[in-house]
Each structure stands twice: as C-alpha cells, then as structure tokens.
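Please read these notes with the model open beside you. They cover ring pairs, charged side chains and the nonpolar core.

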Amino acid sequence: MSTLIKFLKNLFSPSAGREGAITLYSHAVAQARRAEFYTDLGVPDTLDGRFDMVVLHVYLLLDRLNASEDLCTDVQMVLQEALFADLDRTLREIGVGDLAVGRHVKEMASAYFGRLKAYDAALESRDDAPLIEALGRNVWRGTPPEGDAPVRLAHYIRKQAAHLEGLSDEDLCAGTIAFLDPIKETVTS
C-alpha cells in the first residue's frame, strides 16, 4: 500500500464513500504524475505543474461524480478533502513551516476553485478554444509551449471526460476506474 493511501486512510474516519474516494484520489495522482504530460506535452515539471495536473484529474472525477444521482455524495466530499490533506502534507514535506502552511493551502484552494469554475465553463462549450485558453492560463501559467500541446491536452481532457461518463455510478463510487493513456488520447484527427 502506498504511503499516500496509508496517510489518507488514517486521516479520514470510516464512511460510505471513504474507500472509493481514497482510491479515486490515488488514481488521479498516479495519472497526473505520468511522465508523458511533462515530457511530451511540456507541462512544467514543478510543484505548480504537478498541482495543476492533479487538480485537472480530480476535476474530471468530480465532474463525473456530480452526474451520479447522489450515489457518490460522500465520495465527492472525501475526494476533495483528500486533495487538501495531500497538499498540506506535501507542503510540510518540502519544508514549508507550520505557520505558512495554512496560507499556502488557502492560496491553493482559491486556485483550485477558480480552475474548477474555468474548466466547467470550458467543457460546456463545444468549441475547444475556451478549454485551450483555460489550460494555457492554468497549466502553463499563461505561456503555453510552442506547438500543439495545448490542443492535444484539450483533446485528452475531452476524451477522458467521455470515458468517465461511460463508467457506471457503482464502479465510480467504488473507485473502480482506469484513466486513458495520456499520449494515445492526445492524437487529434
């Protein structure tokens, strides 16, 4: 069992959605850490870049959970709590002092909720331009790399969202998912 999963299981009291949420968060983090995002798509391999990739994958899960007809309410709550607990833990591990951790988590929470709102609006549009713009602003801090990386990442996100829509509510709530390959699914046609 990974250190992250052990940490999260010890942190949260038993609830109907706890196990599923922790498993979903673990999947989101593993997907966000895939090297292809950083090597092939030019996502900055920094604390900020990794934060944005985790947020993006948690967003995709939350977006799908919101459509689950209230079966996964507990899962949604614990998934977000797991994200913030992990941010707190990560900041402490990299040496941020106790007094500053709260301020940093508050800033990250503000960024997180802003990104959720931006991605919601962008995915509602059939046009990829708003999604590409949101990704450029958030993932690459306003300076996307040369080439088609933003278009490819937007394509991946749309395919990933469609893939998650195809999962049953029961599987999703239980954490039984698999994300799509980040490079295979970025090929535009």
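1. Start with Phe113. At 46% relative accessibility, Phe113 counts as partly exposed. The classes are: buried under 20% relative accessible area, exposed over 50%, and partly exposed in between, with a 1.4 Å probe and protein chains only.

2. A word on the basis. This is a predicted model, where local features need pLDDT of at least 70, side-chain atom pairs count only at pLDDT 80 or more, and totals for chains, interfaces and linings use all residues. Residues are numbered from 1 along each chain as its sequence is written, and side-chain values use heavy atoms, with hydrogens and water left out.

3. Which rings pair up? The structure holds five aromatic pairs. One of them joins Phe84 and Tyr112: the ring centres are 5.3 Å apart and the planes stand at 90 degrees, so this pair is edge-to-face. (Rings of Phe, Tyr and Trp, the last by its six-membered ring, pair if their centres lie within 6.5 Å; planes under 30 degrees apart are stacked, over 60 edge-to-face, and the rest tilted.) Phe84 sits in helix H5 (residues 73-93) and Tyr112 in helix H6 (residues 98-124), so the pair ties together parts 28 residues apart in sequence. Helices here are DSSP runs (H or I, at least four residues), numbered from the N terminus.

4. Tyr112 also pairs with Phe113, again edge-to-face, with 4.8 Å centre to centre and 70 degrees between the planes. Buried or exposed? Phe84 counts as buried at 18% relative accessibility. Tyr112 is buried too, at 0%.

5. Look next at Arg50. Its side chain meets that of Asp45 in a salt bridge of 2.7 Å, N to O. (A salt bridge is a side-chain nitrogen of Lys or Arg within 4 Å of a carboxyl oxygen of Asp or Glu.) Arg50 also lies over the face of Tyr38, at 4.9 Å from the ring centre. The rule for that is NZ of Lys or CZ of Arg within 6 Å of the ring centre and within 35 degrees of the ring normal. Arg50 is partly exposed, at 31% relative accessibility.

6. The salt bridge count comes to 15. Arg89 and Glu93 form one of 2.8 Å, N to O. These two are four residues apart in helix H5, so about one helical turn separates them. Arg89 is buried at 16%, whereas Glu93 is exposed at 58%.

7. Asp98 and Arg92 form another salt bridge, at 2.4 Å, N to O. Asp98 is exposed at 60% relative accessibility; Arg92 is partly exposed at 40%. Elsewhere, Asp48, Asp52, Arg115 and Arg141 are linked in a network of salt bridges.

8. Now the core. The largest nonpolar core has 59 residues, and those with the most contacts inside it include Met53, Tyr112 and Leu153. (Such a core is a set of buried Ala, Val, Leu, Ile, Met, Phe, Trp, Tyr and Cys residues joined through side-chain atoms within 4.5 Å.) Elements giving two or more residues to this core include H5, H6, helix H4 (47-65) and helix H8 (149-165). H4 gives the largest share, eleven residues.

9. What does Leu153 touch? Leaving aside neighbours within four places in sequence, Leu153 is in contact with Phe37, Leu41, Met53, Leu56, Leu135, Val139 and Trp140. Contact means heavy atoms within 4.5 Å.
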